[in-house]
Amino acid sequence: MVDIIVVSHSDQLANGIVELNKQMCQDANIYACGGLEDHSLGTSIDKLMDIINTIPQDHEILILCDIGSSYMSAESAIDFCDIADRCHLSKAALVEGSLVACVSASVGKDLAEIKNDLKDMILEK
Amino acid sequence: MQVNEAIKILDNINSEIAENEQYLSELDAAIGDGDHGHNMTKGMKAVVTIIDEKDYSDFGMLFKDVAMQLISNVGGASGPLYGTAFMEMAKWCKDKVTLTQDDLIELLNAAIKGIQKRGKAVENEKTMLDVLMLTTNYLKDQGLDGVEGFINSCVEKTKDMQATKGRASYLQERSIGHIDPGAKSMSIFLINMIKGIKA
């Protein structure tokens, strides 16, 4: 099972992307990690770590990010919470990438297969 | 420099970042999202709240706490960047109880390694590294004399650069003509650290 986390500077943007994905894949394990604790713009490593900690140990994790610093924040979180072996941080285009990943995860593909599905959608981040 | 002196330096950095909050945010508003002053002030406030109430026996423990506070409390790119810099510095000075002028150069090399690991930037991309890398070279070649003036000139030089990393890079050539806010905040860290080594 692959769980997907959408990291964005904006709470609304992250939730909107999750909403869009849920329309296609109702049962997908996709989480919104947007904005800071007070809902202002920014990326919160604590918020991301809290989500990661709720994901069962036997699930793999795919993290998709909006722009530059959310990628850096997510990368720091992976460094500090020892999940690198079951986690992939992707530079795929956020909206399209999340849809591809969600559909792939819902048909039971593993992290390596999903990573491959996203390979043509990688951006500079 | 002893650990308790480093705590004092971090207190001074906190005060100076807070004094420059508006200026840093103005610099950031010109080429980014305008929150650098607010973010750094919030981050450094969290740092001093933790370090002022704990006892540290070595620099490694101190810098690790600084790193975690910055990573957790700065909402923008500067959180992971400064946080990873302090984390690499913490690794380098694990168990160290004093720091000399030579140690400072090694410490700054560790910070460069951390920032490059996270941000993938090189020199001349209008980032904090344009101050940190040149200052480290200056210290290696010329020592402490005149380094404060040199640091300020490095900050000024970022004005003429075009950003190719970070959010400012979206502005392309319109990023030219503004000082990089990360370069300015980095100068505050460096000048205070150098004051501490000189004392």
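# Tour from Thr158(B)

Select Thr158(B) and show what it touches: not counting residues up to four places away in sequence, the list is Lys126(B), Thr127(B), Asp130(B), His178(B), Ile179(B), Asp180(B) and Ala183(B). Contact here means heavy atoms within 4.5 Å. The model is predicted, and local features need pLDDT of at least 70, side-chain atom pairs count only at pLDDT 80 or more, while totals for chains, interfaces and linings use all residues. Residues are numbered from 1 along each chain as its sequence is written, chains are lettered from A and ligands numbered from 1 in the order in which they are written, and side-chain values use heavy atoms, with hydrogens and water left out.

Thr158(B) sits in the loop between helix 8 (147-157) and helix 9 of chain B. Helices (H or I, at least four residues) and strands (E, at least two) are DSSP runs, numbered from the N terminus. The relative accessibility of Thr158(B) is 0%, so the residue counts as buried. The terms are set by relative accessible area: buried is under 20%, exposed is over 50%, and partly exposed is in between (1.4 Å probe, protein chains only).

Lys126(B) belongs to the loop between helix 6 and helix 7 of chain B, and at 2% relative accessibility it counts as buried. Its phi is near 65 degrees, a positive value in a residue other than glycine. Most residues other than glycine have a negative phi. Gln172(B) also has a positive phi, near 50 degrees. Gln172(B) is in the loop between helix 8 and helix 9 of chain B and is partly exposed, with a relative accessible area of 48%.

**Helix 7 of chain B**

Select Leu134(B), in helix 7 (residues 129-142) of chain B. Leu134(B) is partly exposed at 25% relative accessible area. Beyond its neighbours within four places in sequence, Leu134(B) contacts Glu123(B), Leu129(B), Phe150(B) and Cys154(B). Of these, Cys154(B) counts as buried, at 1% relative accessibility. For a distance check, pick the C-alpha atoms of Leu134(B) and Tyr82(B): they are 52 residues apart along the chain and separated by 17 Å.

**Cores and cavity**

A nonpolar core is a set of buried Ala, Val, Leu, Ile, Met, Phe, Trp, Tyr and Cys residues joined through side-chain atoms within 4.5 Å. The largest one has 63 residues, and Leu62(B), Phe63(B), Phe86(B) and Leu132(B) have the most contacts inside it. Helix 9 (residues 181-198) of chain B gives the largest share of this core, nine residues. Apart from it lies another core, of 20 residues, among them Ile45(A), Ile78(A), Cys87(A) and Ile71(B).

Select Leu62(B) to see its partners; leaving aside neighbours within four places in sequence, they are Val3(B), Ala6(B), Ile7(B), Leu10(B), Ile51(B) and Tyr56(B).

The whole structure has two cavities of 30 Å³ or more. On a 1 Å grid over the protein atoms alone, a cavity is a set of points where a 1.4 Å probe fits but cannot get out, and a pocket is an open set with protein on both sides within 12 Å along at least five of seven lines; lining residues have an atom within 4 Å of a point. Grid points are joined across faces, edges and corners, and a volume is the space filled by probe spheres set on the points. The largest cavity has a volume of about 80 Å³. Its lining includes Tyr82(B), Phe86(B), Leu132(B), Met186(B) and Phe189(B). Helix 5, helix 6 and helix 9 of chain B each give two or more residues to this lining.

**Largest pocket**

The largest pocket holds about 1,000 Å³ of space. It is lined by 42 residues, of which Met72(A), Ala77(B), Lys165(B), Gly166(B) and Arg167(B) are the closest to its centre. Helix 3 of chain A gives the largest share of the lining, four residues.

**Chain A**

Ser44(A) is in the loop between strand 2 (30-34) and helix 2 (45-54) of chain A, buried at 6% relative accessible area. The side chain of Ser44(A) reaches the backbone nitrogen of Lys47(A) at 2.9 Å. Not counting residues up to four places away in sequence, Ser44(A) touches Cys33(A), Gly35(A), Leu36(A) and Glu37(A).

End at Cys102(A), which counts as buried at 0% relative accessibility.

How values were computed: A polar contact is a pair of N or O atoms within 3.5 Å; within protein, one must be able to donate a hydrogen and the other to accept it, and residues adjacent in sequence count only if both atoms are side-chain atoms.
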